[in-house]
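Biologist: I would like to go through this model with you. Could you take me through it step by step?

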Amino acid sequence: MDLQCEKQQTEDEETQTTTECSPVGQSLGSSSLGGTAMLEKTVAAFKSDPSGLHNLPNLHQVALKSYEVFCRHRTADLHTTFLALVGDQDPSWCNDAVYMSAFKASVPFPGKKDERMVSGGANNSKQVHGLVRYEYKGNAIEECRKDGKEHGLRVVCLQVGGVYLRMHKNGKRLAQIVLNADLSVQSSIDDGGLKIFQQHLHLIQDCFAIRA
């Protein structure tokens with residue numbers, strides 16, 4: 001996957017829809033649970049199955065190894081931090097979703113041809129909603145979406161080594177950083193949010209650090 005040549009999406013672009021495949025879990029209403037309840041539930045589910053047997057069957061071994069390290073060390077706080085950076089201080093909207101271990105959604109692009117298996121949150125409108133993960137051309141993608149649109153942090157573990165990162169707000173890219181396999185910065189793109197993205201980059205790099 002050449003994510004650096006990724007299709008440019010406009011704000012009026014078709015919103016991604018999902019087709020239920022394997023419903024699991026229950027809705028977590030924000031009125032009865034904390035604002036991060038669904039994010040924490042999803043992170044816990046991902047950690048319990050870092051290999052993603054349901055929705056990552058074609059994941060390249062290099063990407064899988066990288067994602068397993070990230071998955072062990074990443075917490076819900078990482079995603080809430082980047083949601084706050086794009087102006088979303090209250091993540092309780094994630095609690096409107098239902099966690100599903102496997103369902104079909106059109107990601108990372110809209111349209112039937114990009115429909116693939118996804119794990120994570122889906123709302124009542126069958127849109128990807130909250131934290132999700134999926135495989136795309138051998139790479140592992142974990143990201144937050146709100147009502148189908150990219151919102152917050154996207155982390156891509158590449159099959160060629162290295163990590164591809166983006167920060168979005170309501171489907172609009174604010175910044176992009178590509179890391180080498182040693183986690184040094186290879187390249188970056190500024191769409192208005194690069195400075196603050198760089199200031200918090202260490203939080204993501206720490207998740208990929210192999211601890212003794």
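Modeller: Let us begin with a loop: K137 lies between strand 4 (128-136) and strand 5 (139-146). Helices (H or I, at least four residues) and strands (E, at least two) are DSSP runs, numbered from the N terminus.

Biologist: What is the phi of K137?

Modeller: K137 has a positive phi of about 55°, although it is not a glycine. This is a predicted model, in which local features need pLDDT of at least 70 and side-chain atom pairs count only at pLDDT 80 or more, while totals for chains, interfaces and linings use all residues. Residues are numbered from 1 along each chain as its sequence is written, and side-chain values use heavy atoms, with hydrogens and water left out.

Biologist: Is K137 buried or exposed?

Modeller: K137 is exposed, with a relative accessible area of 52%. Buried means under 20% relative accessible area, exposed over 50%, and partly exposed in between (1.4 Å probe, protein chains only).

Biologist: And L183, buried or exposed?

Modeller: L183 counts as buried, at 19% relative accessibility. L183 also has a positive phi, of about 75°, without being a glycine. Its loop runs between strand 8 (172-179) and strand 9 (185-190).

Biologist: Which peptide bond is cis?

Modeller: The bond from V107 to P108 is cis, with omega near 0°. P108 is in the loop between strand 2 (98-106) and strand 3 (115-122).

Biologist: Turning to the helices, how do the axes of helix 3 and helix 5 cross?

Modeller: The axes of helix 3 (residues 76-85) and helix 5 (residues 201-208) come within 11 Å and cross at roughly 160°. Axes are lines fitted to C-alpha atoms, for helices over the stretch in contact, and angles run from 0 to 180 degrees between N-to-C directions. Helix 3 and helix 5 are therefore roughly antiparallel to each other; angles under 35 degrees count as roughly parallel, over 145 as roughly antiparallel, 65 to 115 as roughly perpendicular and the rest as oblique.

Biologist: Which residues make that contact?

Modeller: L78, T81 and F82 of helix 3 meet L203, I204 and C207 of helix 5, where contact means heavy atoms within 4.5 Å.

Biologist: What about helix 1 and helix 3?

Modeller: Helix 1 (residues 37-48) packs with helix 3 at an angle of about 135°, their axes 9 Å apart. The two helices are therefore oblique to each other. The contact comprises L39, E40 and V43 of helix 1 with A76, T80 and L83 of helix 3.

Biologist: How many helices and strands does the chain have?

Modeller: The protein chain has five helices and nine strands. Of its 212 residues, 52% are buried.
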